[in-house]
Amino acid sequence: MASVNKVIIVGNLGRDPEIRYMPSGDAIANIAVATSYKSKDRNTGEQKEQTEWHRISFFGRLAEIVGQYLKKGSSVYVEGRLQTRKYTDKDGVEKYATDIIAENMQMLGGRAGMGGDNMDDGGGYGGGGGYEAPPQRQAPAPRPQMAPPAPAPRPAPRPAPNFSDMDDDIPF
């Protein structure tokens, strides 16, 4: 049977990213993202909002980008997968934690939300930049150099229809 482990989160950072480095030099970034759900109470009719917090981990170049450009309050779109880990707390009690391992990230909103000036989408790392984690097992294949496609030839213009020789009798 096939299975899917895919998570999509759109929310705001609750704190600045935490960046650490492994002995190999690879970066690890951890963030906490808040999402909210609004519903109406059936008994009172008042609006309720429930906030959920998600722990998200980034690795490699994606972690460096997160550390450099995201700040508390930044809006972010993250795609990834769930991973549950088991650990022992300081009192010796075994616990489980479920984290999101990020595979793709996109910064939302303008750069103002990230502690900088407003920025049009001029190719920098401002709002709207999408970043994917590099493949874990293999290097990307080089892209072949291709010439831009030639424009399609335009069809010859057709003469305007001549309606003067048509009968006025409509067959239906």
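This is a predicted model: local features need pLDDT of at least 70, side-chain atom pairs count only at pLDDT 80 or more; totals for chains, interfaces and linings use all residues.
The average pLDDT across the chain is 79, and 63% of the residues score at least 70. One stretch to treat with care is residues 113-128, where pLDDT stays under 50. For that stretch, the model has 32 contacts beyond four places in sequence.

Now for H54. You'll find H54 in strand β4, which covers residues 47-59. Is H54 buried or exposed? H54 counts as buried because its relative accessibility is 17%, and the cut-off for buried is under 20%. Its side chain makes a polar contact with the side chain of T35, at 2.8 Å. T35 also turns up among the residues in contact with H54 once you leave aside neighbours within four places in sequence; the others are I9, I31, A32, V33 and I100.

Next, let's look at how strand β6 (residues 94-108) pairs up with β4 and with β5 (residues 75-88).

| Strand pair | Direction | Bridges | Residues standing opposite |
|---|---|---|---|
| β4 and β6 | parallel | two bridges | I56 and I100 |
| β5 and β6 | antiparallel | 14 bridges | Y77 and Q106 |

So what do β5 and β6 form together? They make a hairpin, with five residues between the two strands. In that turn sits G92, which has a positive phi of about 85°.

Note on methods: Residues are numbered from 1 along each chain as its sequence is written. Side-chain values use heavy atoms; hydrogens and water are left out. Helices (H or I, at least four residues) and strands (E, at least two) are DSSP runs, numbered from the N terminus. Buried means under 20% relative accessible area, exposed over 50%, partly exposed in between (1.4 Å probe, protein chains only). A polar contact is a pair of N or O atoms within 3.5 Å; within protein, one must be able to donate a hydrogen and the other to accept it, and residues adjacent in sequence count only if both atoms are side-chain atoms. Contact means heavy atoms within 4.5 Å. pLDDT is the predictor's confidence in each residue, from 0 to 100. Two strands pair if DSSP finds at least two bridges between them.
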